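Visitor: I have a protein model open and I would like to learn how to read it. Could you take me through it step by step?

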Amino acid sequence: MDWVNAVVQGVLVGGLYALFAAGLSLIFGVMRLVNIAHGDLIVLAAYVALVAMQTTGLDPLFSLLIVVPVMAVFGYALQRGILNFTLGRDILPPLLVTFGLSVIIQNGLLTLFTADTRRLRSGALEVSSFPIGGGIDIGVLPLLMFCTAVAVIAILQFIFYTTPLGRAFRATSDDPEVARMMGIDNRHVFGLAMALSLAVVAIAGVFLAARTNFDPSIGPARLIFGFEAVIIGGLGNIWGTLAGGVILGVAQAIGAQLHPGWQILAGHIVFLIVLAVRPRGLFPRVD
Amino acid sequence: MAGEIRSFRVTQSTRTSQIAAVVAVVVIVVLAAVPWWGGRFEMLLLGQIFAYLALASLWNLLAGFTGLVSIGQQAYVGFGGYMLFAFAIFGGVNPLLTIPIAAVLGALIAIPVGALIFRLSGAYFAIGTWVVAEVFRLVFAQVSALGGGSGNSLPPHIVREIASGREIRDMIIYWTALILVLIVIGFVYTMLRTRQGLALTAIRDSEPASESLGVNIWRTKFIVYVLSAGATSMIGALIFIQKLRISPDAAFSVNDWTAYVIFITVIGGIGRIEGPLIGTVVYFLLRELLADLGAVYLLILGVVAIVVMLRAPRGIWGFVVERYGIELFPVQRRLRLEGLDEMKGAARKSAGAAGPDVEVAAQPVKPD
């Protein structure tokens, strides 16, 4: 029964990993930018939520009303102010600039908030759970997290394929030059894409921080989990990313069940196996 | 252009580079003599500087010349360090002799690792290398014989195998570091001056064009990846001979072995052999000035790296080359036309700083 329980909990955590991954693959899809600071931005969002809760006394979930717009505006400014200048044929500038950004965010948070571990307390929600039979309990918070992940991915899919904004995203992704000729301001579109990405990051950060302890140094591992979910699921397929997150979550849960030291390692190994066997991911987009 | 070309030759060296070679010999002699004119502090500091210079030169070879941006080279630094401990403690090998062993094993393990992560392209390759480094860290943390998660120190009787007296030992470790950094720089320089180097530069400037000229892109990049992994492992063994203590977090630290190395290369000038040299000097000066600031110091480094990348993407040395056309380690080939004094004036006007030398091969300048 422990095993079934591990798998169920792993699936729910997989939703969180899919949230990490969604923002990452959105940015890559629109402007071929891999944001090394993605994990640190998730942690930054958690600290923004912490400050918001401390100043307003809000619940973690209601703090999203503040954190999401703050992060989205920050994303737009970041893109227009810095990242747009790094885009081009060469992959080096965006990589190194976001790497520098990652170091800045980590050490900035370290200076402001020290290395103490924090947690967003959500009161009764944190501990409440309900049985689903067979001696397995599902926590309300993890379930909410998973449902949110599914909803976020559905919304992203909707934006991408049915709205004018999504059309602009796809157009600039396919051919930025032609998109410009059609009257699209690429710089603005990229700014909006980053804003949307960081809105997702904000949701991911709040759920991460409500579920586990966090400190300024945990960002890079979140980037890696998100990245692994993207590659396992298949580049360019957003529902595949959800599947990738779930597979990663389950692999980690099973690894932890085998030996406490193997949790993270098991996830990495599943990722490497997928890379070896199906380098385009399990559910690649059909072009 | 009027005039006849009586003879020509293709050359790589310039007068500056010949002077630089003489200066380099003098500097090396002075550095080799440090144990006689410097103290223990100078030797330790210079030993660290050599290690960083070597790591930065290797990272520069990968990122600046091959286009393989890795943020996981700490995998090989840590691997080399652990090979030192494994072979010295369990194999009874003299710690200094574990250095070549680490080099060979590092290159060997890079073959399957490279085969796997070469399936990821561009920026995703970068994160893939990081995953590999994490896998290495987690695996070595599970090996209890090597100290597990909390690490291990090199036992005193093994340390004494290097040399029994502490002063002699410091000197030997210092000279080893100096020799290794010279080997690494020599390796990078040779790589770039040979056919391989031409192929690399061609790949970096245009993959389709180089492929159409018969360059095997995958194989060329793979060879560079494997060789630089071996060299990085070698430096890893050296670093932990200097430290005498290892733990998974220190051995596979992304900050220590990759972030600083990237800053050094970017600030000094990526894609230039001289870049890491300048960058290492700047980095250690900054460190001596700002080390007391702790996290703020890293924050400043991050800001400097971003500003350099945005405002002067070729770094300090790139700026010098653009401005003055100086190359200490010339890797580009120049076509020198001789006996055309009357042409020189005209050529100089049209070719600017390049003077009478007409470049016939790809030069190590990144295209905009």
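Guide: We will go from confidence to the interface, then to helix packing, the core and a few backbone angles. Please keep in mind that this is a predicted model.

Visitor: What ipTM and pTM does the predictor give the complex?

Guide: The complex gets an ipTM of 0.88 and a pTM of 0.87 from the predictor. For chain B, the average pLDDT is 85, and 88% of the residues score at least 70.

Visitor: Where in chain B does pLDDT stay under 50?

Guide: Here is the general idea: where pLDDT is low, the predicted coordinates should not be read in detail. In chain B, that applies to residues 342-368, where pLDDT stays under 50. The model has 39 contacts beyond four places in sequence for this stretch.

Visitor: How many helices and strands are there in chain B?

Guide: Chain B has 17 helices and 5 strands. Of its 368 residues, 43% count as buried. Now take the contacts in chain B with a separation of 6 or more: residues 24 or more positions apart account for 78% of them.

Visitor: Next, the interface. How many residues of chain A are in contact with chain B?

Guide: On chain A there are 31 such residues, and they meet 35 residues of chain B. Helices H4 (92-113), H10 (219-233) and H12 (263-277) of chain A each supply at least two residues to that side. The largest share, 14 residues, comes from H4(A). Sorted by class, this side of chain A has 23 nonpolar, 6 polar and 2 charged residues.

Visitor: How do I describe two helices that pack together?

Guide: Two packed helices are described by the angle between their axes and the distance between the axes.

Visitor: Which residues make the contact between H13(B) and H16(B)?

Guide: H13(B) brings Val266(B), Ile267(B) and Gly268(B), while H16(B) brings Gly315(B), Ile316(B) and Trp317(B). By class, this contact has 4 nonpolar, 2 polar and no charged residues.

Visitor: Which residues are buried in H16(B)?

Guide: Gly315(B), Ile316(B), Trp317(B), Gly318(B) and Val321(B) are buried. Their cover includes H13, H14 (274-290) and H15 (295-311) of chain B. Just after H16(B), you can find Gly325(B) with a positive phi of about 65°.

Visitor: Which residues touch the most other members of the largest nonpolar core?

Guide: In this core of 203 residues, they are Leu19(A), Ala45(A), Ala46(A), Ala49(A), Ala202(A) and Val206(A). Helix H9 (residues 186-211) of chain A gives the largest share of the core, 18 residues. Leaving out residues up to four places away in sequence, Leu19(A) touches Ala149(A), Val152(A), Val200(A), Ile203(A), Ala204(A) and Phe207(A).

Visitor: Where is Arg32(A) found?

Guide: Look in the loop between H1 (2-31) and H2 (38-56) of chain A. Arg32(A) is a residue other than glycine with a positive phi, near 55°. Because it has 15 C-beta neighbours inside 10 Å, Arg32(A) counts as partly exposed.

Visitor: And where does Leu244(B) lie?

Guide: Leu244(B) is in the loop between helix H11 (217-243) and strand S3 (245-246) of chain B. Its phi is positive too, near 65°. With 16 other C-beta atoms within 10 Å, Leu244(B) is partly exposed.

Technical notes
Residues numbered from 1 in each chain as written. Chains lettered and ligands numbered in written order. Predicted model: local features only at pLDDT ≥ 70, side-chain atom pairs only at ≥ 80, totals over all residues. Contact = placed C-beta atoms within 7 Å. Helix = DSSP H or I, 4+ residues; strand = E, 2+ residues; numbered from the N terminus. Nonpolar A, V, L, I, M, F, W, Y, C, P; charged D, E, K, R; others polar. pLDDT = per-residue confidence, 0-100. Buried ≥ 20, exposed ≤ 12 C-beta atoms within 10 Å, placed from the backbone. Core = buried A, V, L, I, M, F, W, Y, C linked by C-beta atoms within 7 Å.
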